[in-house]
Amino acid sequence: MNTWGEALAELQCRGEAYVMVTLIGTRGSTPRESGSKMLVTAEQSYDTIGGGHLEFKAIQQARQLLLQPADTQSLQQYPLGASLGQCCGGQVSVLFEYFAPRGRELLVFGAGHVARALIPVLGGLPLRVRWIDNRDGMFPDQVPANVTTCLTDDPVAEIATASPGAYILVLTHNHQLDFELTEAVLKRRDSGYLGVIGSLTKARRFRQRLEHRGYDSSRIEQMICPVGLADVGGKRPMEVAVSIAAQLISFYQADMPEKPVNSGIDWRTLKQVFTEGIDGEGAEHHDRETDHEA
């Protein structure tokens, strides 16, 4: 990925966070023209808005925005000579557009029949999926763009890497491994969803074992076993997969925050910045005339 456009397409498919940095106004001598873009992630930057100290400061500002919990936009003015020590001597207006990670993180443990039926369905949902197994050769050659695979000898250790509020699906071939994964999730106390494949008998045994280990009923009830919606019946892998997907949808829909009525940058602010970039010193007079006519 060499250009911001190529990076944008890839990151949107994966649901990763990024900041789009755009020069929306230039005055005097500047290294790049208005409209130049750069895309910044936590580890990489793609394309350029001109290099030098300007680009360094822009990347620094973008990475501060990457720490925010939700989408946001901000405007910054950079005089190239005085504060940045660049010989151009002009001035640029920079728009930062932060796009937070899209979708909840979901860890899927196990690559058996149900998981292989489920993963293509998850590819069409706003989730960032990590698919984990300890058996070689279980993953298909191709997976959806929002899915990454993880082959590991210690699946339980992956629980510690999950982000707070992550969804966890336990679908392995091994009942003991299922129990160890379930206990590791309950120990963390911060999962948003814990679904464990199995029968009512398996669910009862797991609850008894957890009780014997000192877990109280409120924590044990965080485990959904059998996983999936009860009113979506069937035992075929695809039927179970659809039931699980429907349950996941119900959870992340319920978790979505209400959208604010007003957000972002007021259009008058953007209009002023664009006008300054075109008309220079005459921008303020032009705005007054336009406002009066309105």
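Which residue's side chain does arginine 213 meet in a salt bridge? The partner is glutamate 183, at 2.8 Å from N to O, where a salt bridge is a side-chain nitrogen of Lys or Arg within 4 Å of a carboxyl oxygen of Asp or Glu. This is a predicted model, in which local features need pLDDT of at least 70 and side-chain atom pairs count only at pLDDT 80 or more, while totals for chains, interfaces and linings use all residues. Residues are numbered from 1 along each chain as its sequence is written, and side-chain values use heavy atoms, with hydrogens and water left out.

Helices here are DSSP runs of H or I with at least four residues, strands are runs of E with at least two, and both are numbered from the N terminus. Arginine 213 is partly exposed at 47% relative accessible area, whereas glutamate 183 counts as buried at 10%. The cut-offs are under 20% for buried, over 50% for exposed and partly exposed in between, with a 1.4 Å probe and protein chains only.

The structure holds 11 salt bridges. Another one joins aspartate 178 and lysine 202, at 2.6 Å from N to O. Aspartate 178 belongs to helix 4 (residues 175-188) and lysine 202 to helix 5 (residues 200-212), so this pair ties together parts 24 residues apart in sequence. Aspartate 178 is buried, with a relative accessible area of 0%, and lysine 202 is buried too, at 5%.

Then there is arginine 102, bridged to aspartate 71 with the closest N and O atoms 2.8 Å apart. Arginine 102 is in the loop between strand 5 (91-99) and strand 6, and aspartate 71 in the loop between helix 2 (52-65) and strand 4 (72-79), so parts 31 residues apart in sequence are tied together. Arginine 102 is partly exposed at 38%, and aspartate 71 is partly exposed at 35%. Glu105, Arg130 and Glu158, for their part, are linked in a network of salt bridges.

On to the nonpolar cores, meaning sets of buried Ala, Val, Leu, Ile, Met, Phe, Trp, Tyr and Cys residues joined through side-chain atoms within 4.5 Å. The largest has 26 residues, of which Leu106, Val108, Leu122, Leu169, Leu171 and Ile244 touch the most other members. Strand 6 (104-109), helix 3 (113-122), strand 7 (127-133), strand 9 (167-170) and helix 7 (237-255) each supply at least two residues of this core. Apart from it lies another core of 24 residues, including Ala162, Val185, Leu186 and Val196. Leaving aside neighbours within four places in sequence, leucine 169 is in contact (heavy atoms within 4.5 Å) with residues including Leu106, Val108, Phe109, Tyr193, Val227, Ile244 and Leu248.

A cavity is a set of points on a 1 Å grid over the protein atoms alone where a 1.4 Å probe fits but cannot get out, and lining residues have an atom within 4 Å of a point. Phe109, Gly110, Ile132, Asp133, Asn134, Pro155, Thr172, His173 and Leu177 line the second largest cavity.

Technical notes: 1 Å grid on protein atoms, 1.4 Å probe; cavity = no way out; pocket = protein on both sides within 12 Å on 5 of 7 lines; lining within 4 Å.
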